[in-house]
Amino acid sequence: VYVFDITQTEGEPIPAAPEWHDRERDLELEQGLYCLAHSRGIQVDVAQNLGGAQGVSSGGHIQLLDGAGTRVFVHELVHELLSHSSQEVRAVISKQQREIEADAAAFVVGRHFNLAGAAIPNYLALWQAAGPDILDCMERVREISTQIIRFLEENTKRVNLADETII
C-alpha cells in the first residue's frame, strides 16, 4: 500500500524520535570543567552554530553550542584529554570507539554529579554502541572519568542546599 500522509494510516501513534541533545546545565560544575580545561591548555569557546553538533573539539580547542548541556562539555573535554584529534590516536582508534569513550566517560561523570540528563544513553545509540564496543574501552573510560571527577572534587566546592553542607 502506498502511503502519502500519516493521516492515511491506521494503528498506534508513531513514537516521538528520541531526544539526543543535552540541555541540562550545572553552572558550578561547568566552572570546574573550565578550570580543568585551562589547566591543560585547552581553550573553550561558546558558538552560536556548529552545523547541528552541540560541541566540537580539535587540537586543544573546544567549541560548545550556546545552550548545550554540561554533559556535552564533559564529552568534548574527554576528547581533548584523550587526544582524540591527534593523528596517532585516529590511526588506531575508530571514530565510533572515540565517540563511545567520550560519551561513556561523560555518562560516568554526569551520574557521579547527579546530572539527570547523563542517564540517557541516546547518543551512544546513535553510534550503534553494543556491549562489546563499550567493554573494549572501559579501562580508558574509568581512567579519564576518575581523573575528571578527582579534579572537580578537589577544585570545586559544591553546596548541598538540602542540609547546607559543602561537598
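Modeller: Happy to! Let's begin with a strand pair: β1 and strand β3, which covers residues 61-65, run parallel to each other and are joined over five bridges. Within this pairing, V44 sits opposite I62 of β3. Do keep in mind that the model is a predicted one.

Stepping back to the whole sheet, three strands make it up, ordered β1-β3-β2, and the sheet is open with mixed pairing. The edges are taken by β1 (43-47) and β2 (55-58); each has a single partner strand, so one side of each is left without a neighbour in the sheet. From one strand to the next, the twist averages 15 degrees.

The sheet also has a helix against it: α2, residues 70-81, packs there and touches β1, β2 and β3. The direction of α2 makes about 160 degrees with that of β3.

Now for two residues in other helices. E30 belongs to helix α1, which spans residues 27-39. With a relative accessibility of 6%, E30 counts as buried, because the cut-off for that class is under 20%. Setting aside neighbours within four places in sequence, the contacts of E30 are R25, A68, G69, T70 and F73.

F107, for its part, is found in helix α4 (residues 95-112). Its relative accessibility is 28%, so F107 counts as partly exposed. Along the chain, F107 and H75 are 32 residues apart, while 8.5 Å separates their C-alpha atoms.

How values were computed:
Residues numbered from 1 in each chain as written. Predicted model: local features only at pLDDT ≥ 70, side-chain atom pairs only at ≥ 80, totals over all residues. Heavy atoms only, no water. Helix = DSSP H or I, 4+ residues; strand = E, 2+ residues; numbered from the N terminus. Buried < 20%, exposed > 50% of the residue type's maximum accessible area, 1.4 Å probe, protein only. Contact = heavy atoms within 4.5 Å. Pairing = 2+ DSSP bridges. Axes fitted to C-alpha atoms, helices over the stretch in contact; angles between N-to-C directions.
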